[in-house]
Amino acid sequence: MTKVHVFDHPLIQHKLTYIRDINTGTKEFRELVDEVATLMAYEITRDLPLKEVEVETPVCKATSKILAGKKLGIVPILRAGIGMVDGILNLIPAAKVGHIGLYRDPETLLPIEYYVKLPSDVSERDFILVDPMLATGGSAIEAVNSLKKRGAKNIKFMCLIAAPEGVKALTEAHPDVDVYIAALDEKLDEKGYIVPGLGDAGDRLFGTK
């Protein structure tokens with residue numbers, strides 16, 4: 001059964017306010033997304049398994065803990081998801097990075113996969129799928145489908161801002177995927193934008209219109 005985690009950490013909420021602000025420029029927006037992704041990565045990795053090892057400190061031998069070697073993969077949904085990758089790699093530099101590209105069919109409005117590049121050992125990795133926004137949920141659902149059909153078994157989805165409609169759609173389609181959110185917003189508008197949201201994350205990250 002899906003668990004939905006909404007992070008209420010004060011630093012995340014503080015930085016998210018400036019991410020939302022229309023007056024925040026591209027450079028600062030990019031840096032803030034990077035910082036929030038790092039803070040979220042700290043929370044999302046809380047349950048990573050540990051094992052005990054013996055180390056020699058300057059004083060004596062000691063038993064201490066290190067990560068138990070579970071392989072991790074970070075997969076941004078192109079293009080906006082790229083803005084969150086470096087922030088996660090700051091904490092988990094050994095993680096491999098894949099990419100999933102989707103576009104929306106102009107007639108059906110459904111997401112269509114156009115590019116997938118993943119680590120070769122998909123079935124051996126735990127994946128963090130990232131996209132700044134979870135709006136209708138269509139892209140996230142299709143990206144999880146892409147991972148699963150290539151052998152991924154353990155997937156977490158991480159985003160900055162989500163609409164209730166998107167959370168409902170994703171959790172119903174993939175009840176085995178936990179969802180991690182910095183803010184759960186009010187609703188979608190008639191154009192499918194999250195309200196109050198932050199506008200188009202890709203445009204604001206890359207300075208495009």
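The lining of the largest pocket has 15 nonpolar, 7 polar and 5 charged residues by class, with Gly counted as polar. This is a predicted model, in which local features need pLDDT of at least 70 and side-chain atom pairs count only at pLDDT 80 or more, while totals for chains, interfaces and linings use all residues. Residues are numbered from 1 along each chain as its sequence is written, and side-chain values use heavy atoms, without hydrogens and water.

**Largest pocket**
- The largest pocket holds about 870 Å³ of space.
- Of its 27 lining residues, Arg104, Asp131, Ala135, Ser139 and Asp200 are the closest to the centre.
- Two or more lining residues come from each of β4 (71-78), β6 (99-104), β9 (133-134), α4 (138-148) and α6.
- A pocket here is an open set of points on a 1 Å grid where a 1.4 Å probe fits, with protein on both sides within 12 Å along at least five of seven lines; lining residues have an atom within 4 Å of a point.

**Helix α1**
- Ile12, Lys15, Leu16 and Ile19 are buried in helix α1 (residues 10-20); buried means under 20% relative accessible area with a 1.4 Å probe, protein chains only.
- Seen down the axis of α1, these buried residues fall within an arc of 110°, so they line one face of the helix.
- They pack against α2 (26-44), β10 (154-162), β11 (178-184) and α6 (201-206).

**Gly207**
- Gly207 lies in the segment after α6.
- Leaving aside residues up to four places away in sequence, Gly207 touches Thr26 and Gly202, where contact means heavy atoms within 4.5 Å.

Definitions and conventions: Buried < 20%, exposed > 50% of the residue type's maximum accessible area, 1.4 Å probe, protein only. Helix = DSSP H or I, 4+ residues; strand = E, 2+ residues; numbered from the N terminus. Arc of directions from axis to C-beta. Points joined across faces, edges and corners; volume = space filled by probe spheres on them.
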